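Please open the model in your viewer and keep the selection tool at hand, as this tour goes from one selection to the next.

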Amino acid sequence: GYYCTTFMWPVMTFGLEWTLKAIYYDEERFRRLLDKFAQISLRDFKAWAQCDIKVFISHDDICMSEGPLVSPDWLRRYVFPWYRRLWHELKCRGIRVIFCSDGDITPIVDDLVEAGADGFIMEPSCNLELITEKYGDEKILIGNVDLRVLTLGDRRAILNEVLRCLKTSGHCQGYFINVTGSIPDNVPIENLEYYFEVCRRYGRRPIRV
């Protein structure tokens, strides 16, 4: 996996606020900066393409829970062309590319597919039903289990959350039940154990929920 595909480079270097200000005040100058960062990624992606791997996670936080951080049109001009170029280095060697971002990628999922993504790691804010309807038969779909339910919910809530995901996407051969991101230590251990139990009980194919 790779954390700073393109947009995360300036965010990690300068912070999100300054990155967004730079885009606003001087878009063309920011594009030149972004291209320089992306050249670093291109070097690294070419190196990863030489490895004996089957799947690669390409991470870039370009969304929040309400949707893209910046205009989709801006992403189409400056970010998605780089995705296409970077991912080509892997895909031409038969390596599948899984895209991962915070937030709701639903408004730009078609753009990600066009750029070459073979699948997505999805947070609960993503529209799992819509993405499954459009791409469940051909893409790898991972996640959508809400961490808040594991943290604050009871057994019934955890069961319902897992079954929600399985009922929506469990029929797809490329769907993987998953809590997006890491599971922090504030999740009650009894909730975590029950979550794993439910996944084992209902998550085996053929899915019967």
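Which residues line the largest pocket? Select Phe-14, Trp-18, Thr-19, Lys-21, Ala-22, Tyr-25, Asp-26, Arg-29, Phe-30 and Leu-33, which together form that lining. This is a predicted model, in which local features need pLDDT of at least 70 and side-chain atom pairs count only at pLDDT 80 or more, while totals for chains, interfaces and linings use all residues. Residues are numbered from 1 along each chain as its sequence is written, and side-chain values use heavy atoms, with hydrogens and water left out.

A pocket here is an open set of points on a 1 Å grid over the protein atoms alone, where a 1.4 Å probe fits, with protein on both sides within 12 Å along at least five of seven lines; lining residues have an atom within 4 Å of a point. H2 gives the largest share, five residues.

Axes are lines fitted to C-alpha atoms over the stretch in contact, and angles run from 0 to 180 degrees between N-to-C directions. To view their contact (heavy atoms within 4.5 Å), select residues including Phe-45 and Trp-48 of H3 and Trp-82 and Trp-87 of H5.

Finally, select helix H7 (residues 128-135) and helix H9 (residues 155-169), whose axes lie 9 Å apart at an angle of about 25 degrees. H7 and H9 are therefore roughly parallel as well. Show Leu-128, Glu-129 and Thr-132 in H7, which meet Arg-164, Cys-165, Thr-168 and Ser-169 in H9.

Key
Helices (H or I, at least four residues) and strands (E, at least two) are DSSP runs, numbered from the N terminus. Angles under 35 degrees count as roughly parallel, over 145 as roughly antiparallel, 65 to 115 as roughly perpendicular and the rest as oblique.
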